[in-house]
Amino acid sequence: MIQKHTPYLYFTTNQGESWQYLPMPETPYAEGKWDSLERTNVIFFADASNGLFFTQDYYVSATKSVETKNQIFQTTDGGQTWAKINRAVWIGQYSFLNAQTAFCAGVNNDGFILVKTSDGGLNWAYLTPKSTE
């Protein structure tokens with residue numbers, strides 16, 4: 001059985017006097033029997049229209065096998081609609097410079113990684129940090 005998880009997002013344009021609900025994409029949990037599940041949602045809006053929504057799931061079974069499921073969604077209409085644009089194969093922390101450029105320092109099956117997007121999350125490139133020594 002797949003359980004559905006629907007995150008909620010509310011926003012204000014008047015310093016919190018009133019709030020409006022924005023629909024977010026449904027993100028189903030992975031099938032299987034899991035001992036633990038951690039879910040992290042990250043959202044970033046570069047401006048009033050353009051935003052990215054990252055959902056990161058980290059599952060651990062009773063036998064200590066691990067599975068991750070990470071998805072990236074994009075909005076160009078202020079969060080009224082969301083389109084799945086990518087599936088990330090890492091878990092990490094994101095840092096945004098603007099609507100097009102972001103970095104993620106994280107981990108995947110190969111270890112620690114650093115990735116960058118220059119096209120709003122459609123494509124990600126692995127970076128290799130260079131020593132200054």
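Residues are numbered from 1 along each chain as its sequence is written, and side-chain values use heavy atoms, with hydrogens and water left out. Because the model is predicted, local features need pLDDT of at least 70 and side-chain atom pairs count only at pLDDT 80 or more, while totals for chains, interfaces and linings use all residues.

Strands are considered here as DSSP runs (E, at least two residues), numbered from the N terminus. Two strands count as paired if DSSP finds at least two bridges between them. An open sheet is built from 4 strands. Their order is β7-β8-β9-β10, and the pairing is antiparallel. β7 and β10 (125-126) are the edge strands, each pairing on one side only.

Strand β8 covers residues 102-108. β7 and β8 run antiparallel and are joined by 6 bridges. In this pairing, I91 has V107 of β8 as its bridge partner. A hairpin of 5 residues links β7 to β8. F103 stands opposite K116 of β9. The hairpin between β8 and β9 has 2 residues between the strands. The two faces of β8 can also be told apart. A102, C104, G106 and N108 make up the covered face. F103, A105 and V107 make up the uncovered face.

The loop between β7 and β8 holds L97. L97 is exposed, with a relative accessible area of 59%; for these classes, buried means under 20%, exposed over 50%, and partly exposed in between (1.4 Å probe, protein chains only). L97 and S118 lie 21 residues apart in sequence, and their C-alpha atoms are 9.9 Å apart in space.

Aromatic rings were paired next. Rings of Phe, Tyr and Trp (its six-membered ring) pair if their centres lie within 6.5 Å; planes under 30 degrees apart count as stacked, over 60 as edge-to-face, and the rest as tilted. The rule gives 10 aromatic pairs. One of them is the stacked pair of F44 and F96, with 3.9 Å centre to centre and 0° between the planes. This pair links distant parts of the chain: F44 belongs to strand β3 (residues 36-45) and F96 to strand β7 (residues 91-96), 52 residues apart. F96 is buried, at 18% relative accessible area. F44, F54, Y94, F96 and W124 form one aromatic cluster.

Strand β5 (residues 66-75) contains Q71. Q71 is buried, at 7% relative accessibility. The side chains of Q71 and K84 are joined by a polar contact of 3.2 Å. Such a contact is a pair of N or O atoms within 3.5 Å; within protein, one must be able to donate a hydrogen and the other to accept it, and residues adjacent in sequence count only if both atoms are side-chain atoms.

Q15 lies in the loop between β1 (9-11) and β2 (20-22). Q15 is not a glycine, yet its phi is positive, near 60°. Most residues other than glycine have a negative phi. Q15 is exposed, at 77% relative accessibility.

Y8 is found in the segment before β1. Y8 is exposed, with a relative accessible area of 61%.
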